[in-house]
Each structure stands twice: as C-alpha cells, then as structure tokens.
Amino acid sequence: IVVAIIQIDQNNLRLITEPDIISRGFVYAKQSEKLLKQAKQEVKDILSKSKGKEGRFLRRDLQERLERFFFQQTGRRPMIIPVIIEA
C-alpha cells in the first residue's frame, strides 16, 4: 500500500506543504528513499498540470499516474490511496 497525503489550498490548488508518501509492505524503507523522493516530485508535477480540476478528478489523476510511476520503477502494482486535504 502506498498512501499519498497532499495538503492543498482549496482556492488555487497549490501545495501548502510537501507531499507525504507513506509505503507499507511495498518496498523496504532503507532502499526506498530515492524512489519516494521521485514519487513526491511526480505528485508535484501532477498538481502543476491539473489546474482547476475538482478533488475527485485530481484524486483519480494522482492514483493513475502514481500507479504507472511505481510500476515503471519497480515492476509491481501497489494499491495507491491518495488523500487530499483542502485547507
């Protein structure tokens, strides 16, 4: 399982804080630092390209793109749970 926690400003959909990527049972913590940093950058790229989208569409984009990213990087398909906090 990979949980992506993103806190965004509800008015302009910009990140308020750095995205948190939490992995449980998918990759070893010591070996995954670089992979999780790349995943954070992927989240930032997704948000920059999805201006003006509603939360449910943004959540779907995050899930699909992160699934594709992790499969390309590891050859495995973890369950992706995007959590979007609008403040």
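Mentor: Accessible areas here come from the Shrake-Rupley method with a 1.4 Å probe. On that basis the protein, which is a predicted model, exposes about 5,700 Å². Carbon and sulfur atoms supply 47% of that area.

Trainee: What is the pattern of helices and strands along the sequence?

Mentor: The protein has 2 helices and 3 strands, and they follow the pattern β-β-α-α-β.

Trainee: Why is the protein described as being as compact as a globular protein of its length?

Mentor: The globule rule takes 2.2 Å times the number of residues to the power 0.38. For 87 residues the rule gives 12 Å, and the radius of gyration of the protein is 12 Å, so the protein is as compact as a globular protein of that length. Along the principal axes, the C-alpha atoms fill a box of roughly 35 × 20 × 15 Å.

Trainee: What share of the contacts with a separation of 6 or more comes from residues 24 or more positions apart?

Mentor: Such residues account for 54% of those contacts.

Trainee: How many aromatic pairs does the structure hold?

Mentor: The structure holds 2 aromatic pairs.

Trainee: Why is the pair of Phe 26 and Phe 70 called edge-to-face?

Mentor: Rings pair if their centres lie within 6.5 Å, and planes over 60 degrees apart count as edge-to-face. The centres of Phe 26 and Phe 70 are 5.4 Å apart and the planes stand at 85°, so the pair is edge-to-face.

Trainee: Which parts of the chain does this pair link?

Mentor: The pair links distant parts, 44 residues apart. Phe 26 lies in the loop between strand 2 (20-23) and helix 1 (33-49), whereas Phe 70 lies in helix 2 (residues 55-74).

Trainee: What values describe the pair of Phe 69 and Phe 70?

Mentor: The centres are 5.2 Å apart, with 70° between the planes, and this pair is edge-to-face. Phe 26, Phe 69 and Phe 70 form one aromatic cluster.

Trainee: How do you know whether Phe 26, Phe 69 and Phe 70 are buried or exposed?

Mentor: Buried means under 20% relative accessible area. Phe 26 has 6% and is therefore buried. Phe 70, at 0%, counts as buried, and so does Phe 69, at 8%. In the protein, buried residues make up 33% of the 87 residues.

Trainee: What places Arg 77 over the face of Phe 71?

Mentor: A charge sits over a ring if CZ of Arg is within 6 Å of the ring centre and within 35 degrees of the ring normal. Arg 77 lies over the face of Phe 71, at 3.9 Å from the ring centre.

Terms used
Residues numbered from 1 in each chain as written. Predicted model: local features only at pLDDT ≥ 70, side-chain atom pairs only at ≥ 80, totals over all residues. Heavy atoms only, no water. Phe/Tyr/Trp six-rings, centres within 6.5 Å; stacked < 30°, edge-to-face > 60°. Helix = DSSP H or I, 4+ residues; strand = E, 2+ residues; numbered from the N terminus. Buried < 20%, exposed > 50% of the residue type's maximum accessible area, 1.4 Å probe, protein only. Contact = heavy atoms within 4.5 Å.
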